[in-house]
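Please look over the sequence and the structure shown here before reading on. The paragraphs that follow lead through some of the elements and how they are arranged.

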Amino acid sequence: MIRLELTLPVQAEQCIALLRRMPKGHPVRSIVEKDLRSWLKGYYGEQNVAYHLSFLPENDYYIFHGLRLKDKYEFQMDVLLISSKFALIIEVKNISGKLIFKKGSDVMTRVLNNLEEGMDNPIQQVKRQHLQFKNWLKFHQFKGIPLEHLVVISKTSTIIETTPDNQQIFQKLIYAQSLLDKITELEEKYSKPRITKNTLSHLSDTLLNAHDISISDILQKYQLSQTDLIPGVLCNSCNCYPMEFISGSWRCKTCKETSKTAHITAVSDYFLLYSSTMTRKQFAEFLKIDSSIKARYLLLALNLPSAGTKRATKYFLPKNCIFSPHDENSMKKGELFK
Ligand SMILES: [Zn+2]
(Lines give C-alpha, C1' and ligand atoms only; values in the text may rest on other atoms or scores of the structure.)
Protein backbone atom coordinates (compact mmCIF):
# COMPACT_ATOMS: atom_id res chain seq x y z
CA MET A 1 0.00 0.00 0.00
CA ILE A 2 1.38 3.39 -0.93
CA ARG A 3 1.34 5.69 2.12
CA LEU A 4 3.28 8.53 0.51
CA GLU A 5 2.85 9.04 -3.24
CA LEU A 6 5.71 9.84 -5.57
CA THR A 7 5.51 13.51 -6.56
CA LEU A 8 7.72 15.89 -8.46
CA PRO A 9 10.50 17.03 -6.09
CA VAL A 10 10.03 20.49 -4.55
CA GLN A 11 13.31 21.58 -6.15
CA ALA A 12 11.91 20.75 -9.61
CA GLU A 13 8.74 22.73 -8.82
CA GLN A 14 10.94 25.65 -7.78
CA CYS A 15 12.97 25.49 -11.01
CA ILE A 16 9.74 25.42 -13.07
CA ALA A 17 8.38 28.43 -11.15
CA LEU A 18 11.69 30.25 -11.57
CA LEU A 19 11.78 29.63 -15.33
CA ARG A 20 8.20 30.85 -15.61
CA ARG A 21 9.18 34.16 -13.97
CA MET A 22 12.66 34.78 -15.33
CA PRO A 23 12.82 36.99 -18.41
CA LYS A 24 13.97 35.28 -21.63
CA GLY A 25 17.68 35.86 -22.05
CA HIS A 26 18.39 36.05 -18.30
CA PRO A 27 21.95 34.69 -17.81
CA VAL A 28 20.90 32.28 -15.02
CA ARG A 29 18.16 30.58 -17.11
CA SER A 30 20.47 27.98 -18.64
CA ILE A 31 21.78 26.91 -15.21
CA VAL A 32 18.23 26.51 -13.86
CA GLU A 33 17.23 24.56 -16.98
CA LYS A 34 20.19 22.20 -16.50
CA ASP A 35 19.28 21.67 -12.83
CA LEU A 36 15.63 21.07 -13.73
CA ARG A 37 16.65 18.40 -16.26
CA SER A 38 18.66 16.70 -13.54
CA TRP A 39 15.76 16.78 -11.01
CA LEU A 40 13.39 15.42 -13.67
CA LYS A 41 15.81 12.66 -14.54
CA GLY A 42 15.91 11.58 -10.90
CA TYR A 43 12.11 11.69 -10.79
CA TYR A 44 11.78 9.49 -13.90
CA GLY A 45 14.18 6.99 -12.30
CA GLU A 46 11.96 6.88 -9.23
CA GLN A 47 8.89 6.40 -11.42
CA ASN A 48 10.56 3.34 -12.90
CA VAL A 49 11.27 1.92 -9.44
CA ALA A 50 7.67 2.69 -8.39
CA TYR A 51 6.50 0.61 -11.36
CA HIS A 52 8.46 -2.44 -10.13
CA LEU A 53 7.21 -1.94 -6.55
CA SER A 54 3.62 -1.91 -7.81
CA PHE A 55 3.86 -5.70 -8.21
CA LEU A 56 4.32 -6.24 -4.47
CA PRO A 57 1.30 -7.60 -2.56
CA GLU A 58 -0.75 -4.58 -1.41
CA ASN A 59 -1.31 -5.68 2.17
CA ASP A 60 2.22 -6.76 3.05
CA TYR A 61 4.09 -3.52 2.48
CA TYR A 62 3.76 0.15 3.23
CA ILE A 63 5.59 2.26 0.65
CA PHE A 64 6.80 5.83 1.20
CA HIS A 65 8.24 7.94 -1.62
CA GLY A 66 10.46 10.88 -0.69
CA LEU A 67 9.89 10.59 3.07
CA ARG A 68 11.76 13.38 4.82
CA LEU A 69 12.58 12.94 8.51
CA LYS A 70 14.78 14.55 11.09
CA ASP A 71 17.38 12.78 13.19
CA LYS A 72 20.15 15.18 14.24
CA TYR A 73 20.03 16.47 10.69
CA GLU A 74 17.25 16.17 8.16
CA PHE A 75 17.38 13.30 5.71
CA GLN A 76 15.23 12.18 2.83
CA MET A 77 14.81 8.65 1.55
CA ASP A 78 13.89 8.09 -2.12
CA VAL A 79 11.88 5.01 -1.13
CA LEU A 80 11.16 3.40 2.23
CA LEU A 81 9.47 0.02 2.32
CA ILE A 82 8.21 -1.36 5.62
CA SER A 83 6.60 -4.69 6.43
CA SER A 84 6.14 -6.61 9.66
CA LYS A 85 9.35 -8.51 8.82
CA PHE A 86 11.85 -5.83 7.77
CA ALA A 87 12.33 -2.27 6.51
CA LEU A 88 14.23 -1.38 3.34
CA ILE A 89 15.67 2.00 2.33
CA ILE A 90 16.18 2.48 -1.41
CA GLU A 91 18.32 5.16 -3.00
CA VAL A 92 17.45 5.47 -6.70
CA LYS A 93 19.99 6.58 -9.29
CA ASN A 94 19.15 7.44 -12.87
CA ILE A 95 22.56 8.28 -14.32
CA SER A 96 23.71 7.80 -17.91
CA GLY A 97 27.09 6.41 -18.87
CA LYS A 98 29.55 4.28 -16.92
CA LEU A 99 29.89 4.35 -13.12
CA ILE A 100 33.21 3.33 -11.62
CA PHE A 101 33.36 2.35 -7.94
CA LYS A 102 36.72 2.25 -6.16
CA LYS A 103 37.02 0.21 -3.00
CA GLY A 104 36.38 2.23 0.17
CA SER A 105 35.97 5.52 -1.69
CA ASP A 106 33.31 8.10 -0.89
CA VAL A 107 33.41 9.17 -4.51
CA MET A 108 32.37 7.31 -7.65
CA THR A 109 33.48 8.30 -11.12
CA ARG A 110 30.99 8.75 -13.92
CA VAL A 111 32.29 8.49 -17.49
CA LEU A 112 30.08 9.93 -20.22
CA ASN A 113 31.20 10.89 -23.74
CA ASN A 114 34.85 10.41 -22.65
CA LEU A 115 34.43 12.95 -19.85
CA GLU A 116 35.12 11.91 -16.26
CA GLU A 117 33.17 13.40 -13.38
CA GLY A 118 33.35 12.67 -9.64
CA MET A 119 30.01 12.09 -7.88
CA ASP A 120 28.96 11.14 -4.34
CA ASN A 121 29.11 7.39 -3.86
CA PRO A 122 25.41 6.45 -3.51
CA ILE A 123 26.26 3.40 -1.38
CA GLN A 124 27.83 5.69 1.22
CA GLN A 125 24.81 8.00 0.88
CA VAL A 126 22.29 5.25 1.63
CA LYS A 127 24.48 3.94 4.47
CA ARG A 128 24.20 7.35 6.14
CA GLN A 129 20.41 7.25 5.71
CA HIS A 130 20.44 3.77 7.25
CA LEU A 131 22.21 5.09 10.35
CA GLN A 132 19.94 8.10 10.61
CA PHE A 133 16.77 6.05 10.20
CA LYS A 134 18.04 3.53 12.76
CA ASN A 135 18.46 6.40 15.24
CA TRP A 136 15.02 7.72 14.33
CA LEU A 137 13.41 4.30 15.01
CA LYS A 138 15.24 4.01 18.33
CA PHE A 139 14.22 7.51 19.40
CA HIS A 140 10.58 6.74 18.59
CA GLN A 141 10.72 3.43 20.48
CA PHE A 142 10.27 1.15 17.48
CA LYS A 143 12.42 -1.84 18.30
CA GLY A 144 13.28 -5.11 16.64
CA ILE A 145 12.76 -4.23 12.98
CA PRO A 146 15.67 -5.39 10.81
CA LEU A 147 16.79 -2.57 8.54
CA GLU A 148 18.28 -3.03 5.06
CA HIS A 149 19.44 -0.60 2.40
CA LEU A 150 19.94 -0.71 -1.36
CA VAL A 151 21.05 1.49 -4.23
CA VAL A 152 18.90 0.85 -7.27
CA ILE A 153 20.16 1.86 -10.70
CA SER A 154 17.04 2.57 -12.71
CA LYS A 155 18.40 1.94 -16.22
CA THR A 156 20.12 -1.21 -17.43
CA SER A 157 22.04 0.90 -19.96
CA THR A 158 24.09 2.34 -17.06
CA ILE A 159 27.33 0.36 -16.88
CA ILE A 160 28.74 -0.39 -13.44
CA GLU A 161 32.45 -1.14 -13.10
CA THR A 162 34.58 -2.04 -10.12
CA THR A 163 37.71 -4.00 -9.19
CA PRO A 164 37.67 -7.79 -8.44
CA ASP A 165 38.30 -7.10 -4.72
CA ASN A 166 35.22 -4.88 -4.50
CA GLN A 167 32.52 -7.25 -5.80
CA GLN A 168 30.64 -7.12 -2.47
CA ILE A 169 29.11 -3.80 -3.57
CA PHE A 170 26.70 -5.80 -5.74
CA GLN A 171 25.03 -6.99 -2.52
CA LYS A 172 23.82 -3.42 -2.08
CA LEU A 173 23.84 -2.13 -5.66
CA ILE A 174 21.36 -3.57 -8.15
CA TYR A 175 19.43 -2.71 -11.29
CA ALA A 176 15.72 -1.90 -10.96
CA GLN A 177 14.84 -5.06 -12.86
CA SER A 178 16.31 -7.19 -10.04
CA LEU A 179 14.51 -5.31 -7.28
CA LEU A 180 11.64 -7.77 -6.84
CA ASP A 181 14.10 -10.71 -6.71
CA LYS A 182 16.09 -8.87 -4.06
CA ILE A 183 12.95 -8.26 -2.00
CA THR A 184 12.06 -11.99 -2.27
CA GLU A 185 15.59 -12.73 -1.03
CA LEU A 186 15.03 -10.45 1.98
CA GLU A 187 11.67 -12.12 2.68
CA GLU A 188 13.48 -15.45 2.89
CA LYS A 189 16.18 -13.97 5.12
CA TYR A 190 13.60 -12.46 7.49
CA SER A 191 10.84 -15.03 7.27
CA LYS A 192 9.27 -14.42 10.71
CA PRO A 193 7.28 -11.27 11.57
CA ARG A 194 9.24 -9.04 13.99
CA ILE A 195 6.45 -6.60 14.76
CA THR A 196 2.67 -6.96 14.94
CA LYS A 197 0.30 -5.55 12.31
CA ASN A 198 -0.77 -2.95 14.89
CA THR A 199 2.78 -1.77 15.51
CA LEU A 200 3.39 -1.68 11.76
CA SER A 201 0.34 0.49 11.28
CA HIS A 202 1.37 2.74 14.20
CA LEU A 203 4.88 3.07 12.73
CA SER A 204 3.42 3.94 9.35
CA ASP A 205 1.23 6.70 10.87
CA THR A 206 4.14 8.04 12.94
CA LEU A 207 6.31 8.25 9.82
CA LEU A 208 3.65 10.15 7.91
CA ASN A 209 3.20 12.60 10.79
CA ALA A 210 6.93 13.19 11.00
CA HIS A 211 7.27 13.76 7.24
CA ASP A 212 8.21 17.37 6.62
CA ILE A 213 9.08 18.81 3.24
CA SER A 214 11.15 21.93 3.19
CA ILE A 215 11.25 24.74 0.66
CA SER A 216 14.78 26.10 0.50
CA ASP A 217 15.77 29.65 -0.45
CA ILE A 218 16.16 29.24 -4.20
CA LEU A 219 16.83 32.92 -4.93
CA GLN A 220 19.85 32.75 -2.66
CA LYS A 221 20.98 29.51 -4.34
CA TYR A 222 21.12 31.19 -7.76
CA GLN A 223 22.18 34.59 -6.36
CA LEU A 224 19.00 36.23 -7.62
CA SER A 225 16.91 39.01 -6.13
CA GLN A 226 13.18 39.61 -6.39
CA THR A 227 13.82 42.27 -9.04
CA ASP A 228 15.17 39.56 -11.38
CA LEU A 229 11.71 37.99 -11.55
CA ILE A 230 8.50 39.00 -13.30
CA PRO A 231 5.68 39.67 -10.81
CA GLY A 232 1.95 39.51 -11.53
CA VAL A 233 -0.49 36.88 -12.73
CA LEU A 234 0.77 35.24 -15.92
CA CYS A 235 -1.59 34.17 -18.70
CA ASN A 236 -1.80 30.39 -18.98
CA SER A 237 -2.42 30.55 -22.73
CA CYS A 238 0.15 33.02 -24.05
CA ASN A 239 2.38 33.55 -20.97
CA CYS A 240 1.95 37.33 -21.22
CA TYR A 241 1.66 39.40 -18.06
CA PRO A 242 0.14 40.82 -16.06
CA MET A 243 -3.45 39.63 -16.30
CA GLU A 244 -6.03 42.04 -14.86
CA PHE A 245 -8.75 41.14 -12.39
CA ILE A 246 -11.99 42.55 -13.77
CA SER A 247 -15.54 41.56 -12.78
CA GLY A 248 -14.51 38.39 -10.99
CA SER A 249 -12.13 37.07 -13.68
CA TRP A 250 -8.52 37.42 -14.73
CA ARG A 251 -8.22 38.80 -18.27
CA CYS A 252 -5.23 38.74 -20.58
CA LYS A 253 -4.81 41.96 -22.53
CA THR A 254 -2.89 40.19 -25.28
CA CYS A 255 -4.87 37.04 -26.13
CA LYS A 256 -8.14 37.98 -24.36
CA GLU A 257 -8.11 34.71 -22.40
CA THR A 258 -10.13 34.80 -19.17
CA SER A 259 -9.62 32.67 -16.10
CA LYS A 260 -11.01 32.48 -12.59
CA THR A 261 -8.01 30.57 -11.25
CA ALA A 262 -4.91 32.11 -12.90
CA HIS A 263 -3.80 33.69 -9.60
CA ILE A 264 -3.37 30.29 -7.93
CA THR A 265 -0.20 29.62 -9.94
CA ALA A 266 1.10 33.04 -8.87
CA VAL A 267 0.44 32.28 -5.21
CA SER A 268 2.21 28.95 -5.60
CA ASP A 269 5.17 30.73 -7.25
CA TYR A 270 5.33 33.19 -4.36
CA PHE A 271 5.62 30.41 -1.77
CA LEU A 272 8.09 28.41 -3.88
CA LEU A 273 10.36 31.35 -4.70
CA TYR A 274 9.96 34.19 -2.22
CA SER A 275 8.90 33.24 1.25
CA SER A 276 7.01 30.69 3.32
CA THR A 277 4.61 33.39 4.55
CA MET A 278 2.62 36.11 2.82
CA THR A 279 0.73 39.16 4.11
CA ARG A 280 -2.24 40.67 2.29
CA LYS A 281 -0.04 43.57 1.22
CA GLN A 282 2.58 41.21 -0.27
CA PHE A 283 -0.19 39.25 -1.97
CA ALA A 284 -1.61 42.42 -3.56
CA GLU A 285 1.83 43.68 -4.61
CA PHE A 286 2.99 40.42 -6.14
CA LEU A 287 -0.28 39.78 -7.97
CA LYS A 288 -0.49 43.46 -8.97
CA ILE A 289 -3.97 43.96 -7.57
CA ASP A 290 -4.63 47.64 -6.95
CA SER A 291 -7.82 47.27 -4.91
CA SER A 292 -7.52 46.09 -1.32
CA ILE A 293 -11.13 44.78 -1.42
CA LYS A 294 -10.34 42.55 -4.42
CA ALA A 295 -7.09 41.40 -2.78
CA ARG A 296 -8.91 40.53 0.44
CA TYR A 297 -11.64 38.66 -1.46
CA LEU A 298 -9.18 36.60 -3.52
CA LEU A 299 -6.87 35.84 -0.61
CA LEU A 300 -9.64 34.72 1.76
CA ALA A 301 -11.17 32.51 -0.96
CA LEU A 302 -7.92 30.52 -1.05
CA ASN A 303 -8.63 29.41 2.50
CA LEU A 304 -4.94 29.37 3.49
CA PRO A 305 -3.94 28.73 7.10
CA SER A 306 -2.99 31.96 8.86
CA ALA A 307 -1.52 33.43 12.02
CA GLY A 308 -1.78 36.90 13.51
CA THR A 309 -4.50 39.50 13.24
CA LYS A 310 -5.54 42.34 10.95
CA ARG A 311 -2.86 43.74 8.66
CA ALA A 312 -0.13 41.68 10.32
CA THR A 313 -1.87 38.39 9.44
CA LYS A 314 0.52 36.02 7.76
CA TYR A 315 -0.75 33.34 5.43
CA PHE A 316 1.12 30.15 4.61
CA LEU A 317 0.73 26.79 2.91
CA PRO A 318 -0.70 23.87 4.89
CA LYS A 319 1.97 21.42 6.05
CA ASN A 320 3.51 19.44 3.20
CA CYS A 321 1.20 21.00 0.67
CA ILE A 322 2.92 22.04 -2.51
CA PHE A 323 0.31 22.39 -5.10
CA SER A 324 1.49 21.58 -8.55
CA PRO A 325 0.27 24.01 -11.19
CA HIS A 326 0.81 21.24 -13.76
CA ASP A 327 -2.02 19.28 -12.21
CA GLU A 328 -5.03 20.73 -14.00
CA ASN A 329 -7.48 19.00 -11.66
CA SER A 330 -6.11 20.79 -8.64
CA MET A 331 -6.47 24.18 -10.23
CA LYS A 332 -10.09 24.71 -9.25
CA LYS A 333 -10.49 27.74 -7.10
CA GLY A 334 -10.02 27.25 -3.40
CA GLU A 335 -9.88 23.48 -3.60
CA LEU A 336 -6.15 23.24 -3.18
CA PHE A 337 -5.69 24.72 0.19
CA LYS A 338 -8.62 23.26 2.08
ZN1 LIG B 1 -2.80 35.55 -22.96
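At what angle do the axes of helix α8 and helix α9 cross? The axes of α8 (residues 280-287) and α9 (residues 292-301) come within 10 Å and cross at roughly 105°, where axes are lines fitted to C-alpha atoms, for helices over the stretch in contact, and angles run from 0 to 180 degrees between N-to-C directions. The two helices α8 and α9 are therefore roughly perpendicular to each other, a term that covers angles of 65 to 115 degrees. Arg280, Phe283 and Ala284 of α8 make the contact with Ser292, Ala295, Arg296 and Leu299 of α9, contact being counted if the C-beta atoms of two residues, placed from the backbone, lie within 7 Å.

The model is predicted, and its local features need pLDDT of at least 70, side-chain atom pairs count only at pLDDT 80 or more, and totals for chains, interfaces and linings use all residues. Residues are numbered from 1 along each chain as its sequence is written.

Turning to the strands (DSSP runs of E, at least two residues, just as helices are runs of H or I, at least four residues, both numbered from the N terminus), an open sheet of 6 strands has the order β1-β2-β3-β4-β8-β10, with mixed pairing; two strands pair if DSSP finds at least two bridges between them. Because β1 (2-4) and β10 (173-175) stand at the edges with a single partner strand each, one side of each is left without a neighbour in the sheet. Within the sheet, β2 (residues 62-70) and β3 (residues 74-82) pair in the antiparallel sense over 8 bridges.

Helix α4 (residues 179-189) lies across β4, β8 and β10, running at about 165° to β8.

Notes
Angles under 35 degrees count as roughly parallel, over 145 as roughly antiparallel, 65 to 115 as roughly perpendicular and the rest as oblique.
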